[in-house]
Amino acid sequence: MRIAVVLLLYRSRAWMDGCLTTLIPALAAAGGGGVVLVDQGSGDGARERAEELLTAAGVPFVIEAPGRNLGVAGGRNAGARAAARLPGLAPNETPGWLLFLDTDTELRHPAVLVELLAFADLHPRAAILGPRLCGPDGALQRSARRFPRQADLAANRLAKFGL
């Protein structure tokens with residue numbers, strides 16, 4: 001399996017249909033993949049809806065249910081570990097790539113994952129890749145930033161206090 005998508009489920013039922021109805025064809029176009037659902041206990045039906053859509057499409061998935069909200073970093077770490085349990089993987093096999101996708105994301109076209117994986121193939125030393133993120137109006141979403149320096153961190157902290 002080349003790619004596993006990690007989705008954090010916490011008060012995300014409103015976005016399940018948009019996210020998964022665009023993700024499922026993208027996974028198919030990329031030659032398949034799996035989905036890790038990290039249910040962080042929101043109880044709003046997101047997990048049930050995700051299970052319904054993924055089952056109907058025949059997409060392999062696994063559920064990680066820590067029983068509480070671990071936050072973004074904790075949830076993604078739990079999802080990354082759970083990816084090794086995806087159906088269809090051989091023992092000790094892991095997906096080649098993990099895509100951490102927010103549930104309010106809709107993929108603009110099914111070839112998005114194909115293009116991302118093709119780019120990964122061209123850059124075998126890359127450890128982290130990210131697609132261009134655009135808002136519903138097509139405008140570029142500012143999501144990429146340089147690694148913060150101490151001065152950046154200090155300025156951000158001071159800004160929180162109005163300085």
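I took helices (H or I, at least four residues) and strands (E, at least two) as DSSP runs, numbered from the N terminus. I worked on a predicted model, in which local features need pLDDT of at least 70, side-chain atom pairs count only at pLDDT 80 or more, and totals for chains, interfaces and linings use all residues. Residues are numbered from 1 along each chain as its sequence is written, and side-chain values use heavy atoms, without hydrogens and water.

Entry: pockets. I searched a 1 Å grid over the protein atoms alone for pockets, open sets of points where a 1.4 Å probe fits, with protein on both sides within 12 Å along at least five of seven lines; lining residues have an atom within 4 Å of a point. A volume is the space filled by probe spheres set on the points.

I found a volume of about 1,400 Å³ for the largest pocket. It is lined by 33 residues, of which L101, G130, P131, R132 and L133 are the closest to its centre. I noted β4 (97–101) and α4 (112–122) as the elements that give two or more residues to this lining.

I recorded about 220 Å³ for the second largest pocket. Its lining has 13 residues, with L8, Y10, V72, D102 and T103 closest to the centre. Helix α3 (residues 71–82) gives the most to this lining, three residues.

Entry: strands. I counted strands as paired if DSSP finds at least two bridges between them. Strands β2 (residues 34–39) and β3 (residues 61–64) run parallel and are joined by four bridges. V38 has E64 in β3 as its bridge partner.
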